[in-house]
Amino acid sequence: MGFSRDYFSSDFLHNLLHKHNLMIFGLYGIIGFILLSIVIFCTLFVYEHFFWTNKIKDVRKKHVVVTGGSSGIGKCMAILAAKKGANVTIIARNVENLEKAKHEILQACENKDTQRVEYLSLDIGDYETVEKALADLENDMGPIYMLVNCAGLAIAGKIEDTTPKSLDIMMRTNFLGTYYCIKAVTPRMKASKEGVIVLVSSQGGLLGIFGYTAYCSTKFALRGLAESLAMELQPYNISVTLCLPPDTDTPGYAIEELSKPIETKAISQMANLVQPEVVAEKAFKDALARNFFSALGLEGFIMTTLCAGMSPVKSYRQLFVQVLLMGPLRFIGIVYLFIFQRIIAQCKQYTNSENIKKVK
Ligand SMILES: NC(=O)c1ccc[n+]([C@@H]2O[C@H](COP(=O)([O-])OP(=O)(O)OC[C@H]3O[C@@H](n4cnc5c(N)ncnc54)[C@H](OP(=O)(O)O)[C@@H]3O)[C@@H](O)[C@H]2O)c1
């Protein structure tokens with residue numbers, strides 16, 4: 001099939017050129033927008049890097065308390081605090097594990113002769129006990145400068161398999177326990193006009209996941225607590241950091257694996273298992289730099305940018321990136337949700353076929 005000259009001289013050519021011009025115009029627009037964004041980002045970067053004084057906090061000779069400090073992420077946070085010259089108290093229930101962890105933390109101290117490492121056997125789920133224990137602790141070890149709320153657990157299961165007891169344990173430890181410890185120490189932190197509070201939530205504190213109706217609820221609650229606290233405590237020079245670990249290779253994670261439905265396991269396996277030292281290192285750095293969110297890697301960046309909502313913002317650069325990327329990242333989020341839904345459908349098919357086999 002050939003084209004006649006008449007064909008090219010028709011309105012078709014005019015329309016084509018018009019469309020072409022529009023396309024070129026659009027392309028220049030997009031390139032211009034990207035270049036302008038890069039220029040604004042670089043300008044903000046240079047301004048904030050060289051002319052913005054962001055004082056990094058320091059825990060040397062200060063008292064750092066870590067709940068859940070006898071195991072996993074909490075123990076790594078306590079070790080980091082000891083390495084940075086802090087006096088450290090770890091809180092958990094099991095005395096044997098506390099003793100072992102104390103020994104490890106002592107080995108990590110920057111200066112073993114001057115630093116103190118102590119432990120407190122305490123269930124954080126009862127307010128009266130927590131308030132008294134933390135007041136006594138401060139009398140003995142000095143005012144708490146940094147409180148890391150790491151005690152927590154996950155019991156997975158579909159909503160119909162989640163017992164009221166496991167919901168109660170998670171709510172009491174993950175949310176109420178964190179609230180109680182913070183409530184007990186903030187009046188003295190406010191009086192001294194300094195402090196750092198870390199709340200260890202989870203990626204499941206920003207995203208609801210199959211099998212985590214109870215766990216995610218407790219971890220979402222921590223976000224509300226952290227945002228309100230950040231607003232209340234900002235005038236007192238007390239920073240609040242919400243740590244959002246991905247799946248992390250800890251004793252707690254090994255126990256959690258036992259209760260996971262296959263759907264939850266399949267979704268979890270999409271991401272790598274991270275080491276607790278890596279999570280702790282990032283959380284510690286973010287807390288001392290007064291960052292509100294502490295998350296790891298590209299996944300963490302996507303989630304905290306997408307879910308920034310009304311969270312406190314650290315810098316103009318961060319705000320600019322959030323404003324620019326929130327919309328496009330919504331598409332990426334939807335792709336993830338679509339993949340999760342497919343995994344869930346496949347697992348349902350698999351369990352149905354296994355059930356049929358069993359009946360036969
Ligand atoms: N590991 C992960 O994949 C992952 C992912 C996201 C978020 N997180 C969160 O990160 C935090 C630490 O997790 P992990 O995996 O490191 O946990 P872990 O190894 O199981 O350690 C939990 C710590 O909390 C203490 N604890 C538990 N209940 C307590 C209570 N009622 N009162 C006082 N202490 C209590 C435990 O000691 P005792 O049992 O002796 O009291 C232990 O020291 C948790 O909040 C968890 O939800 C973990």
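Colleague: Which is F51, buried or exposed?
Modeller: This is a predicted model, in which local features need pLDDT of at least 70 and side-chain atom pairs pLDDT 80 or more, while totals for chains, interfaces and linings use all residues. Residues are numbered from 1 along each chain as its sequence is written, and side-chain values use heavy atoms, leaving out hydrogens and water. Because its relative accessible area is 61%, and the classes are buried under 20%, exposed over 50% and partly exposed in between (1.4 Å probe, protein chains only), F51 is exposed.

Colleague: How far apart are the end C-alpha atoms of residues 22–47?
Modeller: Residues 22–47 are 100% helix and 0% strand. Their end C-alpha atoms are separated by 37 Å.

Colleague: And how far apart are those of residues 292–313?
Modeller: Here the chain is 45% helix and 9% strand. The distance between the end C-alpha atoms is 7 Å.

Colleague: How many residues surround the ligand?
Modeller: A residue counts if one of its heavy atoms lies within 4 Å. The closest are S70, S71, R93, T248 and T250. In total, the number of surrounding residues is 29.

Colleague: Which residue has a side-chain N or O atom 2.5 Å from a ligand oxygen?
Modeller: A polar side-chain atom of K219 is 3.0 Å from an oxygen atom of the ligand. For I73, a polar backbone atom lies 2.8 Å from a ligand oxygen. The side chain at 2.5 Å belongs to T250.

Colleague: Which element gives the most to the shell around the ligand?
Modeller: Elements giving two or more residues are α3 (72–83), α7 (213–233) and α8 (251–259). With three residues, the most comes from α8.

Notes:
Helices (H or I, at least four residues) and strands (E, at least two) are DSSP runs, numbered from the N terminus. A polar contact is a pair of N or O atoms within 3.5 Å; within protein, one must be able to donate a hydrogen and the other to accept it, and residues adjacent in sequence count only if both atoms are side-chain atoms.
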